[in-house]
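Me: I would like to go through this model term by term, asking each time what a label rests on. Please set each value against its cut-off before concluding.

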Amino acid sequence: MPSFSFGHIRSELRIEYIQKERTSALKVSLIVSDLSTRGAGRWGGAVRPFLLTQALQQLGHVVDIVGFGDTESVSFSPPNVNTHVLRAKTYPGFVTSACKLLHRLKGDIIYAYKLKPSSFGLGLLHHLATRKHLILDIDDWELSWHGGDRLHYKPSPMKFARDLIHKDGELRQPDHPVYLKWMETLASKSTQITTHTQFLRDRFGGTYVPNGKDVSLFDPNRYDAAKSREKFGLTPYRVLMFPGAPRPYKGLEDILAALDQLDEPDLRLVIVGGSPYDNYDQELMQRWGRWIIQLPKLSYSQMPEVVSAAHVIVVPQRDLPEAKAQFPLKLTDGMAMAKPVLATAVGDIPSILGTAGYIVQPSQVDHMAEAIQCIFDNFGQAMHRGILARKRCIEDYSIDSMASKLSPILQALS
């Protein structure tokens, strides 16, 4: 079984930490397991590690980001943040990459994003070597993609040998599900844990720090909805928008089945960006192409404009573990832009949206069709709910709100 052997760097890391002069503004090193264009680099400043970075900077702390990617170039780097990308490798090359990453961790506090060996595992090693505080941020239940608690790896001796030794062996992957399961048993070894859903907090404990939205960027007053629809070729349509990557658990099939049921020719589901993971969006197009308009991937700074073109934002999550563990960023995209939001009662969605949107039970196509009809039949009332949603987003789901929840954690560790 592959293992780390970092004892030779423990002493020098410890000496470096003791000698470092502390200042009132903390330096935070954020470890991100995947900075590639398929991972955190795909959506630029929209995703959790960069939201944490904004909130920490707002508190006056200095942040640097270190992680792995498909190249050593930086696909996205927040302003005033040093970002270091190391090429992702499998074992045994991963050991060398991991050592390089450990030497890059110069922060007073280490903040590991995701409960993975390639982030939290390395942060824990650094914590044990230096006794620097380690915060673990959990924004997903990683095992949910691999059977959850039902995961059992019981290979035959021959398969085990192949998984371990062959150049394409499964166990040579640093974040293999078996290693993810080991990481779960070590989560409590961190100094602090932050999560963004109640599901994850119930499972791992810690402090609830929901995702914050940059409400100054996502500000409906900066955009003209009719002009945005014209720009993106959406003027003839009543637009239901899903500004994210399609996955089966996200329930787009239910929305599309509802559009089949309504059969109103000017309704469209606009999907922004498509899937970087597989050909699922093509499968949707093959079956429901008459209802779908697919826009290309846009930069983070362009997202408010395209969201402004929507009449309704849809977040139709299905009642599955992977959905319960997530905080759908597209939900606060719509809320911040004062759009009517149609979502399902899955995970934290009802508590996030409250009465400022439209909630239906998951996978209930008839109810979704009725809700779509209700929204457009009473669109003035729907727009009023959108205004309430923005107010709710500013108060509870903004970068300011995120920073206020992080502040006591950092103060306790300073």
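Reply: Buried means under 20% relative accessible area, exposed means over 50%, and partly exposed is in between, with a 1.4 Å probe and protein chains only. This is a predicted model, in which local features need pLDDT of at least 70 and side-chain atom pairs count only at pLDDT 80 or more, while totals for chains, interfaces and linings use all residues. Residues are numbered from 1 along each chain as its sequence is written, and side-chain values use heavy atoms, with hydrogens and water left out.

Me: Why is Phe-376 called buried, and why is Phe-379 called partly exposed?

Reply: Phe-376 has a relative accessible area of 14%, and the label buried applies under 20%, so Phe-376 is buried. Phe-379 has 24%, which lies between 20% and 50%, so Phe-379 counts as partly exposed.

Me: What makes the rings of Phe-68 and Phe-94 a tilted pair?

Reply: Rings of Phe, Tyr and Trp (its six-membered ring) pair if their centres lie within 6.5 Å, and planes under 30 degrees apart count as stacked, over 60 as edge-to-face and the rest as tilted. A search of the whole structure finds 9 aromatic pairs. In the pair of Phe-68 and Phe-94 the centres are 5.3 Å apart and the planes stand at 50°, so the pair is tilted. Phe-68 belongs to strand S2 (residues 62-69) and Phe-94 to helix H3 (residues 93-104), so the pair ties together parts that are 26 residues apart in sequence; helices (H or I, at least four residues) and strands (E, at least two) are DSSP runs, numbered from the N terminus. Both Phe-68 and Phe-94 are buried.

Me: Why is the pair of Phe-376 and Phe-379 called stacked?

Reply: The ring centres of Phe-376 and Phe-379 are 5.8 Å apart and their planes are at 5°, so the pair is stacked.

Me: Which residues do ring pairs link into a cluster?

Reply: The cluster consists of Phe-68, Tyr-91, Phe-94, Tyr-179 and Trp-182, linked by ring pairs.

Me: How do you know that the charged end of Arg-385 sits over the ring of Tyr-358?

Reply: A charge sits over a ring if NZ of Lys or CZ of Arg is within 6 Å of the ring centre and within 35 degrees of the ring normal. The charged end of Arg-385 is 4.1 Å from the centre of the Tyr-358 ring. Lys-213 likewise lies over the face of Phe-218, at 4.9 Å from the ring centre.

Me: What makes Lys-114 and Asp-139 a salt bridge?

Reply: A salt bridge is a side-chain nitrogen of Lys or Arg within 4 Å of a carboxyl oxygen of Asp or Glu. For Lys-114 and Asp-139 the closest N and O atoms are 2.7 Å apart. The pair links distant parts of the chain, 25 residues apart, with Lys-114 in the loop between strand S4 (109-113) and helix H4 (117-130), and Asp-139 in the loop between strand S5 (133-138) and helix H5 (157-165). Lys-114 has a relative accessible area of 12% and is buried, and Asp-139, at 9%, is buried as well. A network of salt bridges links Lys-114, Asp-139, Asp-140 and Glu-142, and the structure holds 18 salt bridges.

Me: Why do Arg-203 and Glu-184, which form a salt bridge, carry the labels partly exposed for Arg-203 and buried for Glu-184?

Reply: Arg-203, at 32% relative accessibility, counts as partly exposed, whereas Glu-184, with a relative accessible area of 18%, is buried. Their closest N and O atoms are 3.2 Å apart.

Me: Why is Ser-398 counted as buried, and what does Ser-398 touch?

Reply: Ser-398 has 3% relative accessibility and therefore counts as buried. Ser-398 lies in the loop between helix H16 (379-396) and helix H17 (399-413). Not counting residues up to four places away in sequence, Ser-398 touches Gly-212, Lys-213, Val-215 and Cys-393, where contact means heavy atoms within 4.5 Å.

Me: Why is Leu-259 called buried, and in which helix does Leu-259 lie?

Reply: Leu-259 has a relative accessible area of 0%, so Leu-259 is buried. Leu-259 lies in helix H9, where the buried residues include Leu-252, Ile-255 and Leu-262. Leaving aside neighbours within four places in sequence, Leu-259 is in contact with Leu-240, Leu-267, Arg-268, Leu-269, Trp-291 and Ile-372.
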